[in-house]
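Please keep the sequence and the structure open while reading.

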Amino acid sequence: MRLTPARLIERIETRHGSLAATERLAAIVNGWASLEHLANRDNRMPGGFNDWEVVQDAGFSRRPAIKQLRSFVARPAIVTALHGVRVAASVVLILPVRNPVLRGVVGASSATAGVLLAPLHQNGGDGSDQVGTFTQALTAAARLSRSDRVTDVILWATSAQTTLAYLASGWVKLLGKPWREGTAIKGVMRTRTYGAEPLFRILQKHPELGRLAEVGTLVIECAYPIVYALNGKARLVYLGGVAALHTGIAVVMGLGRFLPAFLSLQPPVLYTATKNPGRDNTFPRVLAGATAIAAAGMGATQAVISRRARRLRGRQQTFTTSRGAQLAVEYRPSRNRQSPLLVFENSLVAVQEYWQPILSKLEIDAATLTYDRPGYGASIPAPGSRSLESHAAD
């Protein structure tokens, strides 16, 4: 039977068609990534981006057993073997092998190898690696379960993660001034890492094109849940826009693996957004209930934390500035009046307790001063004064 685009969509909208499409696209991502890492083995050599002697303790658990496992995996022969497993697994999963248990075991092996290899490729790894491992693990679990109900739960979970990823990406962009002003894409295009000089020059001459691309990106990402409210054709048009977005990123920014990686997330969305009387919809109901409970609990916890944070802690005192702000400060004098005063300046939303571990180990004789900036911790800004200039003056 001839496989037309319409028949392909119909197949993907089914439970097992969606699972197979996601599984194969994830296999392409993981096999592609391993081939790249095998070709760039110099990155793991001494002095390379992923020199293990340098990166082994960066952000990972330091428990002895975990460190021993990571050191074992970091051996060149083991690295090559694990990448070989992923490449071989990708070939098997792309082929029309029908045994679900075999596909599950192979997919689980690929996902496990990806988790073990991730610390070795932290410089140069990206979102496509995470998506590939994530989707491969979930599809493997669905295969091994051999249960339609478990498969539906997994496809719903993938859809929920996909929706959250787009929402987070879109709304974070919207908070950024360059995206609101229409200069973000032009700024990216002028960089050496992800940019393209010809496109940058076009956007310089025609800034309205960059603005149009940014609005399109924001609409696609911020409004992603709308796919569940659209009818069949409109839904396909919207997901076609998502595919076009990732195609443009792959071509212009050189992020080739992003295309199959993020396309692998769309079949579960297509399946869960389509009316299907045989589908188990327990997961979204449980997720909605759990989200509501979690949101209420987080709100209550945050209220308690905020109330506590607004109180003076330990040896803190209140100091009123000339502008009327009330700063929570902690001054620790030195025995030597000739010693310098060290003022510790917080970053982002940190409060002065951030510096306590450093102050406890400070081995020089100096007076120290920590404080909460106006609006943070127990410090209260002056009425109607929240500008950067007023904070600097305080």
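Y354 is exposed, at a relative accessible area of 52%. In this predicted model, Y354 sits in the loop between β3 (341-344) and α17 (356-359). From Y354 to T217 the separation is 137 residues in sequence and 37 Å in space, C-alpha to C-alpha.

The loop between β3 and α17 also holds L348. L348 is not a glycine, yet its phi is positive, at about 50°. Its relative accessible area of 69% makes L348 exposed. Another residue with a positive phi is R146, which is likewise not a glycine and has a value of about 55°. R146 belongs to the loop between α7 and α8, and it counts as exposed at 63% relative accessibility. As background, most residues other than glycine have a negative phi.

**Helix α8**

Which residues of α8 are buried? They are T151, D152, I154, L155, W156, T158, S159, T162, T163, Y166, G170 and K173. In an α-helix there are 3.6 residues a turn, so residues three or four places apart point the same way.

**Salt bridges**

How many salt bridges does the structure hold? There are 15. Side chains of opposite charge can pair when their charged atoms come close. The table gives three of these pairs.

| Pair | N to O distance |
|---|---|
| D152 and R15 | 2.8 Å |
| D129 and R257 | 2.7 Å |
| R149 and D280 | 3.0 Å |

The side chains of D152 and R15 meet in a salt bridge at 2.8 Å. Because D152 lies in helix α8 and R15 in helix α2, this pair ties together parts that are 137 residues apart in sequence. D152 is buried, with a relative accessible area of 1%, and R15 also counts as buried, at 15% relative accessibility. The two residues belong to a network of salt bridges that links R15, D148 and D152.

For D129 and R257, the closest N and O atoms of the salt bridge are 2.7 Å apart. D129 is in helix α7 (residues 127-145) and R257 is in the loop between α13 (232-253) and α14 (258-263), so the pair joins parts that are 128 residues apart in sequence. Both D129 and R257 are buried. For D129 the relative accessibility is 17%. Leaving aside residues up to four places away in sequence, D129 touches A33, H37, G124 and R257.

R149 lies in helix α8 and D280 in the loop between α15 (266-273) and α16 (282-309), so the bridge ties together parts that are 131 residues apart in sequence. Are the two partners buried or exposed? R149 is exposed, with a relative accessible area of 52%, whereas D280 counts as buried at 17% relative accessibility.

**Surface residues on other helices**

Where is W32? W32 is in helix α2 (residues 15-39), and its relative accessible area of 34% makes W32 partly exposed. Together with I28 and I94, W32 forms a nonpolar patch on the surface. The accessible area of the three residues together is about 240 Å².

A88 is in helix α5 (residues 76-94). A88 is partly exposed as well, at a relative accessible area of 43%. Between A88 and F200 there are 40 Å in space, C-alpha to C-alpha, and the two are 112 residues apart in sequence.

Note on methods. Residues are numbered from 1 along each chain as its sequence is written. This is a predicted model: local features need pLDDT of at least 70, side-chain atom pairs count only at pLDDT 80 or more; totals for chains, interfaces and linings use all residues. Side-chain values use heavy atoms; hydrogens and water are left out. Patches are made of residues with over 30% relative accessible area and no salt bridge: like charges are joined within 9 Å, nonpolar side chains (Val, Leu, Ile, Met, Phe, Trp, Tyr) within 5 Å. Accessible areas come from the Shrake-Rupley method with a 1.4 Å probe; for residues, only the protein chains shown count as cover. A salt bridge is a side-chain nitrogen of Lys or Arg within 4 Å of a carboxyl oxygen of Asp or Glu. Helices (H or I, at least four residues) and strands (E, at least two) are DSSP runs, numbered from the N terminus. Buried means under 20% relative accessible area, exposed over 50%, partly exposed in between (1.4 Å probe, protein chains only). Contact means heavy atoms within 4.5 Å.
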